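Q: Please take a close look at one aromatic cluster of this model and describe its rings in detail.

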Amino acid sequence: MVGNTIHWFRKGLRLHDNPSLKESIRGADTLRCVYILDPWFAGSSNVGISRWRFLLQCLEDLDASLRKLNSRLFVIRGQPTDVFPRLFQEWQTSQLSYEYDSEPFGKERDAAIQKLASEAGVEVTVKVSHTLYDLDKIIELNGGQSPLTYKRFQALISHMDAVESPAETITAEVMRKCATPISDDHDDMFAVPSLEELGFETEGLATAVWPGGETEALTRLERHLERKAWVANFERPRMNANSLLASPTGLSPYLRFGCLSCRLFYFKLTDLYRKVKKNSSPPLSLYGQLLWREFFYTTATNNPRFDKMEGNPVCVQIPWDRNPEALAKWAEGRTGFPWIDAIMTQLRQEGWIHHLARHAVACFLTRGDLWISWEEGMKVFEELLLDADWSVNAGSWMWLSCSSFFQQFFHCYCPVGFGRRTDPNGDYIRRYLPILKAFPAKYIFDPWNAPESVQKAAKCVIGMHYPKPMVHHTEASRLNIQRMTQIYQQLSCYRGLGEHRAQPAETTANSLKIRLESLEESKQTPITNLIGNNIMCFFYSGRGHAAVKRSSEDLTPGGSNKAQRQTSN
Amino acid sequence: MKKYEDACSSSSEGPTESCKKVRKLQPNLCEFGFDWALLPQEILLNIFQFLPLLDRAYASQVCRGWNQAFHMPELWRCFEFELNQPASSYLKATHPDLIKQIIKRHSNHLQYVSFKVDSSTESAEAACDILSQLVNCSLKTLGLISTARPSFMELPKSHFISALTVVFVNSKSLSSLKIDDTPVDDPSLKVLVANNSDTLRMLKMSSCPHVSPAGILCVADQCHGLRELALNYHLLSDELLLALSSEKHVHLEHLRIDVVSENPGQHFHTIRKSSWDAMLRHSPKFNLVMYFFLYEDEFGPFFREEVPITHLYFGRSVSKDVLGRVGLHCPRLVELVVCANGLRPLDEELIRIAKRCTQLSAIGLGECEVSCSAFVEFVKMCGRRLSQLSIMEEVLIPDHKYNLDEIHWEVSKHLGRVWFPDMMPTW
């Protein structure tokens, strides 16, 4: 029996730490690595040119690496459910391997493929390697529920077994007798397409600031670790103007596409720490970036509605405004606030922005200024941001809009002040918004306040060459703080009085759940504290902030403090 | 019997289907021989109170008795009208037919009413429309809540006022009124006072630009039962505070003031210390909640003398100097929130606050800087009275004594519970 194996690349676009691929090769006579360009897959429906380019570069890199092993990458267009039965037939496949995808739609798609595989008598090999841990084990440890707060998650992690070591890199030695049948017309049939072939206009496209591929990823990893070793400091670096620019040691897009194994990164960080600090137990904070990613994957894996507000059990229902015009201004960097516009311009041009820049624009769109739904922001990021994948993107947007997990909404990033504090000279603004180049640092963050003479001298009149600010920030933030307060007061009503309220069960149960979890955490696990209740008390330090809440205190005959709030459906 | 149980429990069919099935079998008897139709109205009422409105509406279709129960006045005392347009909101609205029904059959039962409107003018119009029809109501509570942009402000003022005064005139027993971000004006406040001065206990009217200090003074003068008041700083005057402290007036419990800057460099008047003192003498336990949304250079008139603030919120960047003055002049401070300060450490200012604000039990800091040692010192001085400590991770600056990993143990020790700074995703 000839063992013909197919390895299906989705994420995990690498040859190092690829246990499913390695397993697949063992005992196989032929290997074909495929990538399926699925135009209908949930994630790819809203993908901009930068992300496509990154992906194509990853595929080219894979192809090049496979060539060195006398193999090739097979890029096939179509939907997996159509493609695989055909391939199984044509290639007489006996085995299919792929890296485990924890996202709900991934799981659904893979279940369908597994069914097809078993019908065709094809064995399926799946291994976890996109996350540090097997997420289901974390959930099991938490009593079958995904942890809702980061603190809880950290507590669970500290009780988990050690992270599995990265698998051996696929080399000629690993391949041994396994070969890839390559036809003469391979390039015509299975080559990695170009951007043009996919229908993109590439004229005037600048070179990629973040070149895709495993080779680039591993180089960056080395540089990243070198820099850490040199500084001998593993603390989170202080934010300065330079941090805003794309770094040659930045790793997030590579982690997202799987060009870099998170486990490799984890172990290399650990080794370096132990070497430099002569200390054998690194703190959890060392892996901050990786753990946040892991956290969002864990919370999302069993929740197909994780990227929506409605029907999402972990999302607070907030009465966001529907305003396509305002949304467009934000997305296209035309808000009139240079700090926000520069960030959105960098995002569109390069595909990456610093995490604090993300906080700034996310806050501006949602709870800070525009009061627009985080779902809209998430869609824009999905299109433009290289490292945004479904779980992490949705989770972060919910977090930043105070829709879940995180209730400290008192802190609102000022679209002028925050920028000014980060980059007092305004160089970042000048770089991405050249129209404002000639403004002095004093006015570059709020050019509408500059006297006419200054504007004329800068050859940029606000309202003509650059838009006026689209909102009055003070007024907007004042209003929005009120809104948030109202919402959270109503939520806590339910917990505080512990009564049944005439509300859609979901909202009550889930807001209750978040609060109860916070309470539970403080009782059970030793290293958590009560989140979510903190500044809340500030906002209802007076009674009767909500007129309707008051009503429940005025008793109805025969009932004591009975919930009488009725809502329509 | 089993078939009957199935019929009773099958919720997938509409209530009328189950009803028909029930009729086919023994009339209304369940396995215990109890007739559902004989369930007393009070018990039905109790049960109905727990049902969401839609389920209650279905239940009301089961039989005449249950339909009667559905319309009992007790179930219509509270209502929240949700007015949303699909173009401006993701949320559903109260069905127009339901609204008609309520106005027709239940308007005189309504006592606690609120309107939640989205950012469209139509929703605000709809709210006014309903308000104008509430002629038979004696409302105790009325809340006009804009859930997004303040759409009430976009209505023609007269239209809004005439709708609102319908309620003022007819209710005569308004106890709680929430009308923030509306175009309410002095004359309408006079109408409010003329009809409800004996009963008014709570008035929330932040950001009502058409009201003048004289207008609100009228309310304070006449409504001696006023316990809670929320308004903007421009309405606050020495006279108002004195009126609220007059002998005839009850103890004020809660005064909330929004200090909002329209344009940079705006000038704000001062309130005399003697006025605050009078307030404090008259209502020694009252909470003074102040929200500041000012530019850094507009704080001139504030915190120069002792002021009885209990809850203080700085929505924009506030200088070290001002925070220093807060420590000096706010002995009653219970909660402090600082959204942003800047890049110079607030060590001294925090320590002073710990020392002098002996009632402080909650603090929140964002976008500031505090050295770890000073922070530990601060927490040590406050001790266990700090029930809420919400510090963004980036605020704490490691120094020679503590780094970020060590600090949470130190702080936890002094707080008497496990504590961590607040984190934001780093991705």
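A: One aromatic cluster is formed by B:Y233, B:F268, B:F292, B:F299, B:F302, B:F303 and B:F314. Rings of Phe, Tyr and Trp (its six-membered ring) pair if their centres lie within 6.5 Å, with planes under 30 degrees apart counted as stacked, over 60 as edge-to-face and the rest as tilted. This is a predicted model, in which local features need pLDDT of at least 70 and side-chain atom pairs count only at pLDDT 80 or more, while totals for chains, interfaces and linings use all residues; pLDDT is the predictor's confidence in each residue, from 0 to 100. Residues are numbered from 1 along each chain as its sequence is written, chains are lettered from A in the order in which they are written, and side-chain values use heavy atoms, leaving out hydrogens and water.

Over all chains, the structure holds 53 aromatic pairs. In one edge-to-face pair, B:Y233 and B:F302 lie 5.1 Å apart centre to centre, with 65° between the planes. This pair links distant parts of the chain, 69 residues apart: B:Y233 is in the loop between β6 (228-232) and α11 (238-244) of chain B, and B:F302 is in the loop between β8 (287-293) and β9 (311-317) of chain B. Helices (H or I, at least four residues) and strands (E, at least two) are DSSP runs, numbered from the N terminus. B:Y233 has a relative accessible area of 4% and is buried; B:F302, at 5% relative accessibility, also counts as buried. Buried means under 20% relative accessible area, exposed over 50%, and partly exposed in between (1.4 Å probe, protein chains only).
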